[in-house]
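Please read it alongside the sequence and the coordinates.

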Amino acid sequence: MIVKLEKVKGVGEKLKKVFRQNGIWSTYDLARFFPSSYDEFELTTLDSSKHNEVVTIKGIVISDLEKNIYSRVDMITFDLETNKTVVKVIAFNQKFLMNSLKKTDDIYIKGKYDFYKKKIIVNKIMKENSFESIKPKYKIDGMSDTIISKILFNIFEENQVEIYENMPKTILTKYKLLDRYEAYKKLHFPNNNNEIELAKRRIKFEEAYFFQKEFVNKINKRITREKRKYDLQKVKSFIEKIPYQLTNDQKQAVNDVFGDFKKSEVGYRLIQGDVGSGKTIVANIAMYGVVTAGFQTVLMAPTELLAKQHYEGFKRLLNDGLRIELLTSDSKNKEEIKNSIKDGNIKIIIGTHALIQDDVEFNNLGLIVIDEQHKFGVETRNQLIKKSIDADLIYLTATPIPRTLAISLFGDADISVIKEKPQKRKKIITKAITDKDLTIVFDEIQKTLERNEKVYVVVPAIESEHAKYNIQNVYELLLGKFSDKEIFITHGKNKKDEQEKAILNFMNSKRGILIATTMIEVGIDIPKTTLMVIFSANFFGLSQLHQLRGRVGRGHLESKCYLISTGDIEERLEIIEKEDDGFILSDYDLKLRGPGDLLGVIQTGFNDFKFLDFINDYEILKMMREELLKTKNKL
C-alpha cells in the first residue's frame, strides 16, 4: 500500500512541493527520512564520532581553565577526559566559565569535534543533562522540524504507512532486534536515548544483512581436491636462496598458504601487503611449493612491465632446471610457449591478459596468483580461474583494504596481512606544501639529480580544464628549470610501446625525471628513484597517495615525497605526512570518503547507509555474513 503525502492531514500544495524537491513522494519515503540528529544531550563516544561531527559527551575537567588574552575574542580552553580519551575543549565568548567551572567538575558538553587534533569547539556546556524532551532534527530546507514531526505523527497515528518486516524472524530473536515498524517509529518519536540506540542498532543489522547478502550469494562452495604434497626440503632450500631474511609477517603469510595446501579443498587467499612489505616473495615461495608437488603455476600481472619484473625476479631465484616463461602480447615465441604450457614442459608461467586467451591451455595447473587484482575486471579474473577445476587461488594487493570491506569483497577468501617492512627500508620523508612554495621542490629535484638519483613527478590529468596541473604544463614548467636534464613522459593515452619505451629509457638513464599520471601507481620498481613529487595532491585519496609514495624508498637510499596542494593544505595531507601505515590510512580514507571512493569498484549505493559504520560495525557485518552463510549452506 502506497499512500501519497497529499492524503496526510497537514500536507498542502506548498509542503508537497518541498517534500518532492527532497525526493519524498509517499508516506513511506517520509518514514524512511530519519532524523539527522536530535536536539538534546544525546550522549555519544568519540570512538564512533567522525571528523567535524557535532558530538555530545560527558567528561571530567582535568586541567585549570585558561583564558587566551592574545585572542581578538574571548577564548577559554581546558582539558577534558571522556572514556579514557583526553580532548582539548575550546569555548568562545563564554567568560562566565572562568568562575563557574573548575578542575574535577563533571560536565556535559556539545560541540564540533576535530578528529585529527583531538579538540572540541564547544557551543553548550552544562553540569547536568537537563533536557526533558528529545526533539528530532531533519535536514529539509524550507520546512521546520516541528512541522515534519507533526506530519509524521499524523501518518503513524492514522496508520497511513506500511513498513514490512524484511529480515528473518530467527535473526530478530537471536540478536534481540526491534521489528522494523517499531524501529522506524522510535527513531521519529523516541522517549529516551536508549530507544534511539535500539532503533539504530536494528537498522544497522538490516543494512549489514542486505549488504552482505549480495556478496554471499556470489560465493561458491569449496571444491574438494587432493592435498598438495609439496617437497618441504626443496621449499626450505628455495627460501635459503632469498638474499634477505623474511619478516615475521611474510613468514606467517607463507605458513598460511602452505596450510591451505594441506587441506582437502581448494584454497582461496587474499594477501594484503602494504607498500614495500614484500608480498611478491611470498607468492614466489607458494608458486615454487606447488611446482615441487608436481603442478604448474601461473601469475597474472596487470602490466607488461610488472610481469617482466616478476619474471626476472623469480628467474634469479631458480637454479634447479625448472623452466619459467613470460607470456605477454609482445612475446615473440608465443606459439612455442603455448604448446609447452599445454604439454606441461613449462612449470612456471608469468604473464598479462595474454594468459586468458582461449588457446592458452594448461597441463596440470595447481595455483593461480593474480597480482593487483583490483586492476582486472571480474570477468578477466574468472577467465583465468576457469582454466583449472581445482587450482588454488591467491590474490595479491598492495592496496590495504579495511577488514570490514575485505570480508565482503573477498568473502570466499582467507586473508593474510603483511604490514612489516624489511629492515633495510627507510621511512619515506613526506612533506605537504602549497604550490606557492614550488622553489622548495625545484631545489630538491636539483639535489636528487646531482646525486645521480631519479625523480617521479605525478600529475592528476593528461590535459584537463578542471585540474590546474597536467602533463603538458608540468612538462613545460620542469623543462624551464631543468632543460639540461633528461625528462621522460608517460600516460594512458600513449600507445603501449611508447609507454614502455619511456619507462625503460627512464630506468636506463643515469639520472632523470619521469612525468606521469597515476598509471605508475603499481608496477615500477626502480631503487635509484628516491624523490616523488605529486602535483594537486588534494585530488587524490590517502590510500592512493600512499601507493604513489611507495614507488620510492624501494632500496636502502633515503627517499622523499612532496605533496603539492593547489589550495590550503588539507588536514588529511597532514595525516599522511606523519603516518606511513597503509592500513591506518585506509581506515582514515574509509571514514572520510566512504567505501565507494576508497576502492572505486564498489557501487555508490553502498554509501547510502543510514547508520551502518564500516569502521566501528565490523562485528555486525561479520555476524550477518555468518548468518547468511548458514542459510546458504543448508540449500
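In this predicted model, helix α9 passes helix α10 in a right-handed crossing. The two helices, α9 covering residues 248-261 and α10 covering residues 279-292, pack at an angle of about 30°, and their axes lie 9 Å apart. Since angles under 35 degrees count as roughly parallel, α9 and α10 are therefore roughly parallel to each other. On the α9 side the contact is made by Gln250, Ala253, Val254, Val257, Phe258 and Phe261, which meet Ile281, Val282, Ile285, Ala286, Gly289 and Val290 of α10. Sorted by class, this contact of α9 with α10 has 10 nonpolar and two polar residues, with no charged residues.

With Ile109 the separation is 29 residues in sequence, while the C-alpha to C-alpha distance between Leu80 and Ile109 is 9.8 Å.

Turning to charged pairs, side chains of opposite charge can pair when their charged atoms come close. With a cut-off of 4 Å between the nitrogen and the carboxyl oxygen, the count comes to 32 salt bridges, and the table gives examples.

| Salt bridge | N to O distance |
|---|---|
| Lys16 and Glu13 | 3.2 Å |
| Lys67 and Asp74 | 3.9 Å |
| Asp260 and Lys263 | 3.8 Å |

Lys16 and Glu13 are three residues apart in helix α1 (residues 13-21), and so they are separated by about one helical turn.

For the pair formed by Lys67 and Asp74, Lys67 is partly exposed at a relative accessible area of 41%, and Asp74 is partly exposed at 25%.

In the remaining pair of the table, Asp260 counts as buried at 5% relative accessibility, while Lys263 is partly exposed, with a relative accessible area of 39%. Asp260 and Lys263 also belong to a network of salt bridges that links them with Asp256, Arg269 and Asp414.

Note on methods:
Residues are numbered from 1 along each chain as its sequence is written. This is a predicted model: local features need pLDDT of at least 70, side-chain atom pairs count only at pLDDT 80 or more; totals for chains, interfaces and linings use all residues. Side-chain values use heavy atoms; hydrogens and water are left out. Axes are lines fitted to C-alpha atoms, for helices over the stretch in contact, and angles run from 0 to 180 degrees between N-to-C directions. Helices (H or I, at least four residues) and strands (E, at least two) are DSSP runs, numbered from the N terminus. Angles under 35 degrees count as roughly parallel, over 145 as roughly antiparallel, 65 to 115 as roughly perpendicular and the rest as oblique. A crossing is left-handed if the near helix is turned anticlockwise from the far one by less than a right angle, and right-handed if clockwise. Contact means heavy atoms within 4.5 Å. Ala, Val, Leu, Ile, Met, Phe, Trp, Tyr, Cys and Pro count as nonpolar, Asp, Glu, Lys and Arg as charged, and the others, Gly among them, as polar. A salt bridge is a side-chain nitrogen of Lys or Arg within 4 Å of a carboxyl oxygen of Asp or Glu. Buried means under 20% relative accessible area, exposed over 50%, partly exposed in between (1.4 Å probe, protein chains only).
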